[in-house]
Amino acid sequence: MKLTALQLLLWHSALWMVQEATPLGPTSSLPQSFLLKCLEQVRKVQADGTVLQERLCAAHKLCHPEELVLLGHALGIPQAPLSSCSSQALQLTGCLRQLHSGLFLYQGLLQALAGISPDLAPTLDMLQLDITDFAINIWQQMEDVGMAPAVPPTQGTMPTFTSAFQRRAGGTLVASNLQSFLEVAYRALRHFTKP
């Protein structure tokens, strides 16, 4: 009886180790070149977002997004979910769809920030272009492998900023939220590049 229990325990342990070693998703369905390009695009958008944050901090002393969270709720600044990209629930199709939808959301949020400041306009424009390129890259790959949803995402209600301060504070929050979004995206994409 003890021998049977011990064998069962060893078998269960071996099965557990195999399950732990199993990849979290079907990574082979995406070309390495696409994944590496996405990682490069994440780094580019992160750099653009950092420049925006630094300029808002230097010019307007809006350096601590955590101090603006309540204002962000009042303004209705949404955050993009990436639950399908988290390490606990990593899922290829869901993650790519959430990445694309999130980038689409940030495109709209950055458009809502138009007119934030003449000094910041070129930085904002570059960030928008890089996010658009990234979103297009993901959408084209989803279409190529048959993962694209039948209906592309639509832009929800974007916040309206009624003062220069709200627009600048919104810019700080959007840039901060974008950085958090990109950190999760980068980790997920790096996982997908592993064989």
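**View 1. Packing of helix α2 (residues 32-60) against helix α6 (residues 164-193).** In this predicted model, the axes of α2 and α6 lie 9 Å apart and meet at an angle of about 160°. Axes are lines fitted to C-alpha atoms, for helices over the stretch in contact, and angles run from 0 to 180 degrees between N-to-C directions. That angle makes α2 roughly antiparallel to α6 (angles under 35 degrees count as roughly parallel, over 145 as roughly antiparallel, 65 to 115 as roughly perpendicular and the rest as oblique). The contact of α2 with α6 comprises 13 nonpolar, 11 polar and 4 charged residues; Ala, Val, Leu, Ile, Met, Phe, Trp, Tyr, Cys and Pro count as nonpolar, Asp, Glu, Lys and Arg as charged, and the others, Gly among them, as polar. The crossing of α2 past α6 is left-handed, meaning that the near helix is turned anticlockwise from the far one by less than a right angle, whereas clockwise would be right-handed. Helices are DSSP runs of H or I with at least four residues, numbered from the N terminus. Residues are numbered from 1 along each chain as its sequence is written. In this predicted model, local features need pLDDT of at least 70, side-chain atom pairs count only at pLDDT 80 or more, and totals for chains, interfaces and linings use all residues, while side-chain values use heavy atoms, with hydrogens and water left out.

**View 2. Helix α5 (residues 121-144) and its packing partners.** The 24 residues of α5 reach 34 Å from the first C-alpha to the last, close to the 34 Å expected at 1.5 Å a residue (the expected span is 1.5 Å times one less than the number of residues). Gly-146, with a positive phi near 75°, follows α5. Helix α4 (residues 92-112) packs on α5 at about 155°, with the axes 9 Å apart; α4 and α5 are therefore roughly antiparallel, and their crossing is left-handed. For α2 and α5, the angle is about 160° and the axes are 9 Å apart. This pair, α2 and α5, is therefore also roughly antiparallel, with a left-handed crossing.

View 3. The largest pocket holds about 150 Å³ of space. On a 1 Å grid over the protein atoms alone, a pocket is an open set of points where a 1.4 Å probe fits, with protein on both sides within 12 Å along at least five of seven lines; lining residues have an atom within 4 Å of a point. Its volume is the space filled by probe spheres set on the points, which are joined across faces, edges and corners. Residues lining the largest pocket include Pro-65, Glu-66, His-73, Leu-173 and Asn-177. Helices α3 (69-75) and α6 each supply at least two lining residues. By class, the lining has 4 nonpolar, 5 polar and 1 charged residues.
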